[in-house]
Amino acid sequence: MGNFSTRMTIRKQLGYLKFKLVDQLPYQFLRMKGERFREDLKGKTSELPAIAPAGGPAVDVQMLCGKKHLDMGIWASWSLMRFIPSARLVVFSDGTLSEADLGEWRRVIPNLTLISSEANLQRSDEVLKGRYPLLHEWREKNLYHAKFLGFHFHGGSDRIILLDSDVLCFQRPDELIAGLAAPVPVLRWHNDVASCYLGTIPELEAASGHPVPACVNSGFMLAKRWTEEDLKYLNEMFEKLNAASLPIFHFWSEQTYYALTSPRHADAKPFSNKYSIYYGRTNPERVIRHYVGVVKVRPRFYVEGIPILLDQLRAGGL
């Protein structure tokens, strides 16, 4: 037992060393450049024209955001909603964002609704407490509970767009717009570089009893709004996973559960590769880019992403 424990400790140490040497150290200059660009770009949101409400599908765009990422949230929401001006923006505070912080954001997106963390918790309790015990317990323990539950308890459209504050949209999202036009709600997601789930796909399929799609990332997603039948299904799914000794409160569990809802949608499939997560320089020909929170990607939001949007504006684009 001692030798096994020692080997595991050494493997963890080697893995951490590899992470520092390969995934972090070479990108420290990029990180510093991103911080400098972020500072230089302060106030540039003043160049963004306000999104005037227009006819079309009145879908809710849902975002979880805090004061730390306020500037990112403004750029992210504008970059998408310029293509779907009929959408409504619903921002969920992580507890640090208040109405007092929203002046510039409301100028850019006039139909913004802020859901305070207190209002989110209260509404979630009203829907879940005493009726769906495992969903309620998960809501109490998971940092991103709003994305999987709260988003579905606020707003009015039968489907929702999930938009992370670190996603920028560079081209008209035709696949998303087609999904919005579908007669019944569909599930669309952008592919991650790996399946970041609470268990392996075979484990999840064995516990759930149905196929589970790979690489689902919920940072940019179109999904149905949960109904009472969906909540009942989800609570039962939590019970099955728990009975299989899977870690249902895992940090990554929120997007695992979206992957597990694929049978609850009339049609479930990923967006094309033009929406997928990738490393390296930003390609403005891709429809979106999700600037995930790793040092070799996140700084590019400021170093590459926002300059692309500003160039589009100055060239007379949307």
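Select Arg-82 and show its side chain, which reaches the backbone oxygen of Ser-79 at 2.9 Å. Keep in mind as you look around that this is a predicted model. Arg-82 sits in the loop between helix 3 (70–81) and strand 2 (88–93). Does this arginine have a partner of opposite charge, or none? What you will find is that Arg-82 is buried yet has no salt bridge. Select Glu-285 too: that is the nearest side chain of opposite charge, and it is 12 Å away.

Next, follow the chain to Glu-99, in the loop between strand 2 and helix 4 (103–108). Glu-99 counts as partly exposed because its relative accessible area is 47%. Show Arg-106 and Leu-114 as well; leaving aside neighbours within four places in sequence, these are the residues Glu-99 is in contact with. For a sense of scale, draw a distance from the C-alpha of Glu-99 to that of Val-212: the two are 113 residues apart along the chain and separated by 40 Å.

Now select helix 6, residues 133–141. Its buried residues are Leu-134, Leu-135, His-136, Trp-138 and Arg-139. Colour the surrounding helices to see what they pack against: helix 5 (117–128), helix 7 (145–153), helix 10 (228–243) and helix 11 (253–260).

Phe-251 belongs to the loop between helix 10 and helix 11, and its relative accessibility is 48%, so Phe-251 counts as partly exposed.

Definitions and conventions: Residues are numbered from 1 along each chain as its sequence is written. This is a predicted model: local features need pLDDT of at least 70, side-chain atom pairs count only at pLDDT 80 or more; totals for chains, interfaces and linings use all residues. Side-chain values use heavy atoms; hydrogens and water are left out. Buried means under 20% relative accessible area, exposed over 50%, partly exposed in between (1.4 Å probe, protein chains only). Helices (H or I, at least four residues) and strands (E, at least two) are DSSP runs, numbered from the N terminus. Contact means heavy atoms within 4.5 Å. Lys and Arg count as positive and Asp and Glu as negative; His and the chain ends are not counted. A salt bridge is a side-chain nitrogen of Lys or Arg within 4 Å of a carboxyl oxygen of Asp or Glu. A polar contact is a pair of N or O atoms within 3.5 Å; within protein, one must be able to donate a hydrogen and the other to accept it, and residues adjacent in sequence count only if both atoms are side-chain atoms.
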